[in-house]
Amino acid sequence: MPTQMFDDGTDSVPEAVAGDVGRVVVIGAGIAGLTCANALLTAGVDVVLVEARDRVGGRLRTVDVDGHPADLGGSWVHHPEDNPLTDWLALAGVPSIVDPTGTRFTGADLGEGRTLTPAELEGTGYAVFEPLEAEVRAAIAADEPDVSAAAAIDAHLAATHAPSPERDRLRQLMAAMVEQDGAGPLSAISARWALTGGMFVGDVVDHVPVGGYRAVLAPLAQPLIDAGVLHLGRPVDRVVTSPEGVRVEGTTTEGQAWAESGTHVVVTVPLGVLKAGSIAFTPPLPAHRQAVVDRTGFGTMEKVVLAFAEPFWRDVDAGLMHSVIYPDDRREAATWTWDFGLSPTLMFLVADSAVASMQADPRGFATAQLAALLGGDLPAEPTDVASTTWADDPYARGAYGHVHPGQDDSDFDRLGEPVGRVCFAGESTQSERAGYADGAMISGLREAKRLLQRPAVALTAAQTSSPTSR
């Protein structure tokens, strides 16, 4: 199996934790936990990885929709240049394509019951925020208090646009982009964080792993499976620390008690799980650390995927590979559609304010929007449908994190600081790439570096054609 050195973007070595590193228990087999455990195993450390689900991946979940792979969690390798995830795909031999959806863009307004013209769609993207970003930066310079993205957007539109369907759509577009990138309601997300570089990174070309993220995770997980150190179906109830080490206790999905002991533990569960108190810490986390957990935002973003016998939408006009649909309820954010061209499936990305409408009838929600894009009835019915409920998932409690008004993204970095023998990893434990799969991977590399006290660590890739995530 090939092995390659990786780092977290820096050659610095994180501050060491208390005690000599012997056996390490890693909680959570998402990409952060898999990365950390793989690196420790490759370095010869005695490691065990426990996962509550019956699969690896966590919020990276690939399913088959009428036999076609579809990602219900992360779908892209965002900003692939100088990205350790890109290097991992190369080592593991996982092919990827450049996201083709930027070449064909269409839209519809359900409130007006019509498709949108190319002129109406011109400039649809992050550039619409440039005037508002300037206003927020001026407010910062004037030492004005932070406000929510909702307040900033509404004040900006009231001052610059008369009431009109165009203004309604612009508000829905802005809401979609903030709510999707920030995974939460517009009123809960900091305008400063969202609009001055903390969240938005501009329009970029992303890559899409062929076969979905399970193809990315399988070669990362397989060495752990081969070594017999990956255990599925083991939810964690409690983490107990003492001067001598740690004890991780839980109950299997069959109701049997289990426990693992070690010198250290790496907790990689989503922030939503920590906020829910699903894992008890004995002794409790320090009050200042629990305060960071409590005040950091964590919300949802959901998906619907439709499968058809044939991708008929590619044959209409310029094709519907990428679209924006504005709901008739103007309080709801716009929905985006993606077709990566790899299968006859269409993905709908649903922001927080439209989630309730989607989850009431995922199939009807998506087919109505597709029919609006086509300007008439569908020529065929879906052969299959899949949708998400990440907010109701007890092992996720949402999608990813955001920053509340009056806070800043340094809280993400604080969430990555160890507490005694307890280390933390995951996308919400670092500020630079919060919310991204590569951010989670970077955090796993960081904690492996911390435990090994090395400037870089090695990952081993198994050459496997059998996905470990289903």
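Student: Which residue in S5 is the bridge partner of Val 63?

Tutor: That's Ala 70. Keep in mind that we're looking at a predicted model.

Student: What makes S4 and S5 count as paired strands?

Tutor: The cut-off is at least two bridges between the strands. S4 (residues 62-65) and S5 (residues 68-71) have 4 bridges, in the antiparallel sense, so they pass the definition.

Student: And what sits between the two strands of that hairpin?

Tutor: There are 2 residues between the strands, and Asp 66 takes a positive phi near 55°.

Student: Okay, zooming out. How many helices and strands does the protein chain have?

Tutor: You'll find 14 helices and 24 strands in the protein chain.

Student: Why does the radius of gyration agree with a compact globule?

Tutor: Set the two values side by side. A compact globule with 470 residues would have a radius of gyration near 23 Å, and the protein chain has 22 Å, so the two agree. The C-alpha atoms fill a box of roughly 65 × 55 × 40 Å along the principal axes.

Student: What does "buried" mean here, and what percentage of the residues is buried?

Tutor: A residue is called buried if its relative accessible area is under 20%. Buried residues make up 55% of the 470 in the protein chain.

Definitions and conventions. Residues numbered from 1 in each chain as written. Predicted model: local features only at pLDDT ≥ 70, side-chain atom pairs only at ≥ 80, totals over all residues. Heavy atoms only, no water. Rg over C-alpha atoms; globule rule 2.2 N^0.38 Å. Buried < 20%, exposed > 50% of the residue type's maximum accessible area, 1.4 Å probe, protein only.
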